[in-house]
Amino acid sequence: MRSTHAFSLDPSHIDTLSAFSFAAFFQDQKKTLHSRSMMLALSYLIEDYAAAAPETCLIATFQRFSNYRRQVHRYRRFAPQLSQAFVLGFPDEPPPDVPGVTTIALAAEWPLVHEWTVIAWGPTIAAALVAYDEDRWAPYRASRRFQAVWIVSFAQIEPMMTAFYHALGQPAPVVTRDALAIQRTTVAMQKELTARLRAIRH
């Protein structure tokens, strides 16, 4: 079983990660999601499908590690099925130890502290929820207003992933896209999301 560990960032890459933002890739794209219930449903959906797709990398920013703790039971269940899993957050408390999950502590002034992001990227899946806190509150305060986008485009997600790994000082995994499988996964996710949201409303 893979071990869990906190990521130790090389000092030469601190400046890169400290300025990194997933939301910056979509500054000019219309933000259509604002509901926390919708974003939570999407987060769960992406995580569930990531665990079922082979050779998939999952990245999740939780703003604070205390938020991650509330979901740690899910990560203990599906992390072993992932090729890589990164969890990022402000260290308001020590992150839980989960085999297969690499945690990355964020400083309070870094842009990623204000983002709620879940990304699944692999040969048969390309899906991402990218949201940011409009108020940019300090990490120990609960964010209340988000603007978000849902992306299911491999072409949009690939450069974002490459830049993230570059910010860590690591080479990005080589992913051979199976376009047909990605299309099937995307259609299945859209149908499942509709069903989950219908259940929430009722």
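## A buried aromatic pair

F62 and Y75 are both buried, a term that denotes under 20% relative accessible area, with exposed meaning over 50% and partly exposed the range in between (1.4 Å probe, protein chains only). The model is predicted, so local features need pLDDT of at least 70 and side-chain atom pairs count only at pLDDT 80 or more, whereas totals for chains, interfaces and linings use all residues. Residues are numbered from 1 along each chain as its sequence is written, and side-chain values use heavy atoms, leaving out hydrogens and water.

The structure contains 13 aromatic pairs (rings of Phe, Tyr and Trp, the last by its six-membered ring, with centres within 6.5 Å; planes under 30 degrees apart are stacked, over 60 edge-to-face and the rest tilted). One of them joins F62 and Y75 in an edge-to-face arrangement, at 5.8 Å centre to centre and with 70 degrees between the planes. Because F62 belongs to strand 2 (residues 57-64) and Y75 to helix 3 (residues 65-78), this pair ties together parts 13 residues apart in sequence.

F86 is buried at a relative accessible area of 3%, and F164 counts as buried at 0%. Both rings belong to one aromatic cluster, formed by F20, F22, F25, F86, F164 and Y165.

## The surroundings of S21

S21 sits in the loop between helix 1 (14-18) and helix 2 (36-52). With a relative accessible area of 12%, S21 is buried. Leaving aside residues up to four places away in sequence, S21 touches P111, L112 and E115 (a contact means heavy atoms within 4.5 Å). The C-alpha atoms of S21 and L112 are separated by 5.6 Å, although the two residues are 91 residues apart along the chain.

The side chain of S21 also reaches the backbone nitrogen of A24 at 3.0 Å.

## The protein as a whole

The protein has five helices and seven strands (DSSP runs numbered from the N terminus: helices are H or I of at least four residues, strands E of at least two). Along the sequence, they follow the pattern β-α-α-β-α-β-β-β-β-β-α-α.

Of the 202 residues, 50% count as buried. Among contacts with a separation of 6 or more, 74% involve residues 24 or more positions apart.

Conventions
Polar contact = N/O pair within 3.5 Å; in protein donor to acceptor, adjacent residues only side chain to side chain.
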